[in-house]
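User: I am new to this structure. Please walk me through a few of its features, one question at a time.

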Amino acid sequence: LLDLDGVKRTATRDDVLCAINMVNRLDQIDLSGLPVSDQTVPAIRRPVVMVATLATWTRKIGGIETFRVEDVAPITEIAEVAAGSAEEFRRNPRLVGYAEVRSPLCFDRNMVDIFMEYVKRGVPQTVDSMPCGGTTAPVTAAGILALGTAETLAPVVLAYAMRDDAVVGVDIT
């Protein structure tokens with residue numbers, strides 16, 4: 001983080017809570033991710049701790065991210081507890097997992113494993129693709145859109161091959 005004087009500092013729990021509080025007060029915003037994570041929490045525990053923080057402090061849908069398949073079980077448990085039950089979480093999910101595709105056309109094994117574990121457990125997913133015109137994607141808008149669409153369709157097909165009731169959204173940025 002950079003403070004108001006441009007001095008770099010470590011993000012803390014207070015920064016996370018301030019970000020959540022800001023989103024909570026914006027009525028036109030329905031989905032909240034975390035623009036920062038608490039860097040005082042050990043990296044291996046950080047995704048689960050951040051999900052618990054998000055589930056505790058907001059009633060809006062929260063975007064969650066991890067890079068370890070081992071985190072999916074505790075994250076799913078937090079989502080179910082926050083909803084009141086596993087059944088209520090399936091009816092009214094408040095946490096949504098992020099799966100990220102690396103442009104061009106790379107859905108790496110680790111992310112596929114995480115994505116598939118979330119889908120198996122019934123956790124909604126978004127598939128994020130970030131093609132960058134002229135570097136990881138064609139220069140034209142049509143080329144960027146075509147690549148982003150191709151990158152997100154593969155995981156959507158995979159999700160529906162696994163579960164008829166999979167919930168998957170796409171995000172091409």
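Analyst: A residue is called buried here when its relative accessible area is under 20%. Bear in mind that the model is predicted.

User: Which residues of α6 are buried, and what do they pack against?
Analyst: The cut-off is under 20% relative accessible area. In α6, G143, L147, G148, E151, T152, P155, V156 and A159 are buried. These buried residues pack against β3 (95-101), α5 (109-121), β4 (125-129) and β5 (168-172).

User: How far apart are the end C-alpha atoms of α6, residues 141-162?
Analyst: Helix α6 has 22 residues. At 1.5 Å a residue, the helix should span 32 Å. The model agrees, because the end C-alpha atoms are apart by 32 Å.

User: Where is K60, and which side chain of opposite charge is nearest to it?
Analyst: K60 sits in the loop between α2 (46-57) and β2 (61-64). K60 is buried but has no salt bridge. A salt bridge would need a distance within 4 Å. At 5.4 Å, the nearest side chain of opposite charge is D27.

User: The backbone oxygen of which residue lies 2.7 Å from a polar atom of the K60 side chain?
Analyst: K60 touches several residues beyond four places away in sequence, including V23, L26, I29 and R94. The backbone oxygen at 2.7 Å belongs to I29.

User: Is D171 buried or partly exposed, and what is its relative accessible area?
Analyst: D171 lies in strand β5. Its contacts, leaving aside neighbours within four places in sequence, are V127, D128, S129 and T152. D171 is partly exposed, with a relative accessible area of 31%.

User: How far apart in space are D171 and V127?
Analyst: In sequence, D171 and V127 are 44 residues apart. In space, C-alpha to C-alpha, the distance is 6.0 Å.

Key
Residues are numbered from 1 along each chain as its sequence is written. This is a predicted model: local features need pLDDT of at least 70, side-chain atom pairs count only at pLDDT 80 or more; totals for chains, interfaces and linings use all residues. Side-chain values use heavy atoms; hydrogens and water are left out. Helices (H or I, at least four residues) and strands (E, at least two) are DSSP runs, numbered from the N terminus. The expected span of a helix is 1.5 Å times one less than its number of residues. Buried means under 20% relative accessible area, exposed over 50%, partly exposed in between (1.4 Å probe, protein chains only). Contact means heavy atoms within 4.5 Å. Lys and Arg count as positive and Asp and Glu as negative; His and the chain ends are not counted. A polar contact is a pair of N or O atoms within 3.5 Å; within protein, one must be able to donate a hydrogen and the other to accept it, and residues adjacent in sequence count only if both atoms are side-chain atoms.
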